[in-house]
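Here are a couple of exercises to work through with the model open. Try each one yourself before reading the solution.

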Amino acid sequence: MDKTTNKVISELAKKLDTISEAALLTHISPDGDCIGSMLALGIALEGLNKKICYYNPGFLPVNLKFLPGVDKICSVLPPEEFPETLIFIDCAEAERAYSGLCPEFLQGKTVINIDHHISNNGFGTVNWIDAGAAATGEMIFHLLGEMGVSMTKEIAENLYTAIITDTGRFSYSNTTVESFRIAAELLKTGLDLVQINNILFEQKSLAQTRLLQKALTNLELHQQGTMAVIVLTREDFEETGADESLSEGLVNYARNIEKVEAAALLKEIAPDEIKVSFRSNTWLDVNQVASRFGGGGHRRASGCSINGTMGQARQMIVSALEEALNVGRDH
């Protein structure tokens, strides 16, 4: 870790030592990294006698409900005023945590922004953005070490979940030596590796399995098989009995097809509101593709939202990926 990063972590640890309370916020459509990172930091701060409230606006995926502390997460803003310190975790933009965010919401607050998305716009009054971290959970691990927090099993379970989900069980290109080193440290607490893997990746509800069947039925290939697109309409969710959180990871079925470089999953989450997940395999920067639609994320995994019909969104996404693939080939 370089000197600049060490200095940032040190200053952030000192800052957190002075606070008496804080609100932790993470992004909509929560995943293992944002929830695990938030809970790990919150549990650690509570152990230091800080008053902590947890907020996430989305539906928590069923496979994350085993995480220690998950019952403390509120999906609606508390009636009382938020504390002076707001800690945004794994949010490239503040609006990702709270769609109703306005300048007055953050006015006068200390806004701490901890994230590993390359598209993070540095919205905080204190920003720690490390695009080289495989997961925000890795950053929280280092922060807790700087704060002198003893690693407990419940903190470790949250951090391990954060890392293993964002690295695809240590199989994605963002996985580093540091990812393995941190995981090894977490395993020393005695966490149940087999059980966590089963809950996160192996167990599927019937609705989830039916949604997978529907997704594979709807799968399309373009650009001589280098692009794969899956479309899921509201009717698909209703017919299968699955909610949106159960579509997590389905885009990987498109990406994993032989010869595919770019994959996209389009989900109709409300009338004229389409959520898009992008993935790539070896060279295409899908963060740049998502940024064309106001989204962002990482080079190999990103997302955006589009207002319009599914037909319109599908055409826009296919065209954008075709262009990106053609430009890439020309270079």
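**Exercise 1.** Work out how the radius of gyration of this predicted model fits with what a compact globule would have.

*Solution.* Start with the chain length: there are 331 residues, so a compact globule would come out near 20 Å. Now look at the protein itself, which has 20 Å, and the two agree. Next, check the outline: along the principal axes, the C-alpha atoms fill a box of roughly 55 × 45 × 45 Å. Then turn to burial, where 53% of the 331 residues count as buried. Finally, take the contacts with a separation of 6 or more: 65% of them join residues 24 or more positions apart.

**Exercise 2.** Describe how helix α5 packs with helix α6: what are the axis distance and the crossing angle, and which residues make the contact?

*Solution.* Helix α5 spans residues 153-166 and helix α6 spans residues 177-187. Their axes come within 9 Å and cross at roughly 155°. Angles over 145 degrees count as roughly antiparallel, so that's the label for α5 relative to α6. As for handedness, this crossing is left-handed.

Now pick out the side of each helix that does the touching. From α5 you get Ala156, Leu159, Tyr160 and Ile163; from α6, Ile182, Ala183 and Leu186. Sort them by class and you end up with 7 nonpolar residues, no polar ones and no charged ones.

Terms used:
Residues numbered from 1 in each chain as written. Predicted model: local features only at pLDDT ≥ 70, side-chain atom pairs only at ≥ 80, totals over all residues. Heavy atoms only, no water. Axes fitted to C-alpha atoms, helices over the stretch in contact; angles between N-to-C directions. Helix = DSSP H or I, 4+ residues; strand = E, 2+ residues; numbered from the N terminus. Parallel < 35°, antiparallel > 145°, perpendicular 65-115°, else oblique. Left-handed = near helix turned anticlockwise from the far one by under 90°. Contact = heavy atoms within 4.5 Å. Nonpolar A, V, L, I, M, F, W, Y, C, P; charged D, E, K, R; others polar. Rg over C-alpha atoms; globule rule 2.2 N^0.38 Å. Buried < 20%, exposed > 50% of the residue type's maximum accessible area, 1.4 Å probe, protein only.
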